[in-house]
Amino acid sequence: MIKGVNRQIIEVIDTGNEYFERALLVVRPRFSDVEPGRLHEEAQRVVRGAEGYTGLRWNRRLRRRQAFAFGGLTGLFGMLAGALIMALVR
């Protein structure tokens, strides 16, 4: 059941991004009285400033590299600790 919904939405058709065709932005109620030109300018600024999907892809690659580096360093530390313990036991 939907009751008392009254929202102003701005649709940005030209996103400037090859992945996304359009963006829908919901205006906060306290800014619904701002002049439409100002809202459209702000919407364009927000959409142009968003990195979009390419940023997500970059973050995934970076996390994968960090995980491999951490795993490799942890394994190396384990081997060195094991060799040190074996040398002390003899």
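How many salt bridges does a search of the whole structure find? The search finds five. The model is a predicted one. The protein has 90 residues, and its secondary structure consists of two helices and two strands.

**Overall layout**

- Starting at the N terminus, the elements follow the order β-β-α-α.
- Buried residues make up 9% of the 90 residues of the protein.
- The accessible surface of the protein is about 8,300 Å², and carbon and sulfur atoms contribute 60% of that area.
- Among contacts in the protein with a separation of 6 or more, 41% are between residues 24 or more positions apart.

- Asp14 pairs with Arg48 in a salt bridge, with 3.4 Å between the closest N and O atoms.
- This pair links distant parts of the chain, 34 residues apart: Asp14 lies in the loop between strand 1 (8–12) and strand 2 (23–27), while Arg48 belongs to helix 1 (residues 36–49).
- Arg48 has a relative accessible area of 47%, so this residue is partly exposed.

- Glu42 and Arg45 form a salt bridge in which the closest N and O atoms are 2.4 Å apart.
- The two residues are three positions apart in helix 1, so about one helical turn separates Glu42 from Arg45.
- Glu42 counts as partly exposed because its relative accessibility is 27%.
- Arg45 counts as exposed because its relative accessibility is 53%.

**A salt-bridge network**

- Salt bridges link Glu11, Glu21 and Arg22 in a network.
- Within this group, the side chains of Glu21 and Arg22 meet in a salt bridge at 3.5 Å, N to O.
- Glu21 is exposed because its relative accessible area is 60%.
- Arg22, at a relative accessible area of 42%, is therefore partly exposed.
- As a general point, side chains of opposite charge can pair when their charged atoms come close.

- Arg60 has 44% relative accessibility, so Arg60 counts as partly exposed.

Notes:
Residues numbered from 1 in each chain as written. Predicted model: local features only at pLDDT ≥ 70, side-chain atom pairs only at ≥ 80, totals over all residues. Heavy atoms only, no water. Buried < 20%, exposed > 50% of the residue type's maximum accessible area, 1.4 Å probe, protein only. Salt bridge = Lys/Arg side-chain N within 4 Å of Asp/Glu carboxyl O. Helix = DSSP H or I, 4+ residues; strand = E, 2+ residues; numbered from the N terminus. Contact = heavy atoms within 4.5 Å. Areas by Shrake-Rupley, 256 points an atom, 1.4 Å probe, with all protein chains shown as cover.
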